[in-house]
Amino acid sequence: MRTRAGRRKRFLWIGAAVVVLGLAAVPVLNAFDVFSDNGDPMSFDRPGPDGGTSGGAGKGGPSGTADPRVRMPSGPRAEFTTANTLDDGTKIGVTTLHGKKSGFTGKVWVWAPKEYYEEKYAKSAFPVLIALPGGPGYPVNYWMGTDLKLQSSISEWSKSGKSKPFIVVMPVLNADNKNYYDGSDIPGQPKMGTWMSDDVPDLVKANFRTFTSRDGWAFMGSSSGAFVGLKQVLQHPDRFKAVIASGPDLRPDSPLWRGHEREMRANDPEQLAKSLIARPGAPDVHLAFQIGTKEGGRAKLEAFMKKYGKGPIKTRLQVIEGGGHNARGYVRGMDDGTMEWISKVIPGPTPAP
């Protein structure tokens with residue numbers, strides 16, 4: 001975080017540069033990000049009428065609103081700093097989460113849509129989308145950048161009715177950049193399954209207005225991140241309702257499972273799907289798969305859908321024409337129909353009368 005003295009020196013330098021170079025200096029300075037507030041403290045609270053804030057953590061629990069579907073932020077308040085700013089002025093914040101249940105400490109980035117700050121939604125719950133990257137996903141979750149346009153696309157889709165205005169939560173995927181942990185509690189390793197299923201949602205519940213039921217909770221991910229999101233939904237259908245799984249791995253394949261076959265099977269999407277189908281009164285889960293025509297794995301994915309897409313498991317496949325195994329193509333697939341399908345089963349915020 002920048003100190004006040006550091007910011008003062010920065011602005012003195014900027015002022016001198018503008019005087020010397022004139023207004024033409026401004027675009028150059030912007031290119032070097034000197035006007036950015038990245039690293040500065042930020043809050044997701046709404047501005048209050050007295051200049052303070054409202055709707056923040058610690059302002060109440062489920063009893064803070066008359067709507068039983070709404071969970072008000074419970075606290076404790078996390079300390080966020082600005083990581084990125086979108087063109088509409090909304091910010092992506094980042095915090096360091098010390099997971100109480102997993103024992104793992106890692107970064108989590110969060111973005112709230114513009115609607116979250118509007119007065120008419122001050123006591124409304126917002127749906128949550130936990131977005132996971134492919135690759136190591138450590139120390140940075142690539143969805144926190146603005147280049148892939150995930151957040152700005154959700155803003156546009158919500159305006160057109162394609163999507164609900166999701167809060168997007170972007171935790172690190174793995175505990176380091178040397179190993180894949182399959183979003184699971186592998187014996188003897190950091191508990192990355194508990195990190196995803198408990199600690200990250202608990203952070204969101206502590207700081208944001210969310211739905212009390214699993215109906216407002218979903219995952220999305222690419223490749224290895226798609227595997228983790230898929231596994232979490234099948235493993236915890238009482239906590240999460242849907243997933244967008246793009247170019248997913250379908251089986252646990254971390255070498256860290258060696259010697260732990262029983263635990264590995266308990267984290268296998270195929271085994272989890274079988275158990276869910278056989279479970280009496282199991283809640284419906286919605287699995288939105290995506291795959292590009294220029295990547296492999298389509299036959300295995302379609303075989304998985306044919307075998308397990310029944311009973312409580314609802315599936316859909318978005319084939320992305322000309323798409324490869326990459327995040328940009330997957331955002332295009334979401335635009336082409338996936339996001340609209342998911343948004344039909346995920347509730348959105350309700351404006352005050």
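Predicted model: local features only at pLDDT ≥ 70, side-chain atom pairs only at ≥ 80, totals over all residues.
Helix α7 spans residues 269-278. Four of its residues, Pro269, Leu272, Ala273 and Leu276, are buried. They share one side of α7, because the arc they cover around the axis is only 100 degrees. An α-helix has 3.6 residues a turn, so residues three or four places apart point the same way.

Charged side chains were examined next. Side chains of opposite charge can pair when their charged atoms come close. The model holds 16 salt bridges.

Asp202 and Lys101 form a salt bridge through their side chains, with an N to O distance of 3.3 Å. Asp202 belongs to helix α4 (residues 192-207), whereas Lys101 sits in the loop between β6 (91-98) and β7 (105-111). The two residues are 101 residues apart in sequence, so their pairing ties together separate parts of the chain. Asp202 is partly exposed, at 30% relative accessible area. Lys101 is also partly exposed, at 47%. The pair belongs to a network of salt bridges that links Lys101, Asp198, Asp202 and Arg239.

Arg69 and Asp67 also meet in a salt bridge, at 2.9 Å from N to O. Arg69 has a relative accessibility of 40% and therefore counts as partly exposed. Asp67 is likewise partly exposed, at 22%. The cut-off for burial is under 20% relative accessible area, so Asp67 does not count as buried.

Arg214 and Asp215 make a further side-chain salt bridge, with 3.5 Å between N and O. Here the two partners fall into separate classes of accessibility. Arg214 is buried, with a relative accessible area of 14%. Asp215 is partly exposed, with a value of 29%.

Key:
Residues numbered from 1 in each chain as written. Heavy atoms only, no water. Buried < 20%, exposed > 50% of the residue type's maximum accessible area, 1.4 Å probe, protein only. Arc of directions from axis to C-beta. Salt bridge = Lys/Arg side-chain N within 4 Å of Asp/Glu carboxyl O.
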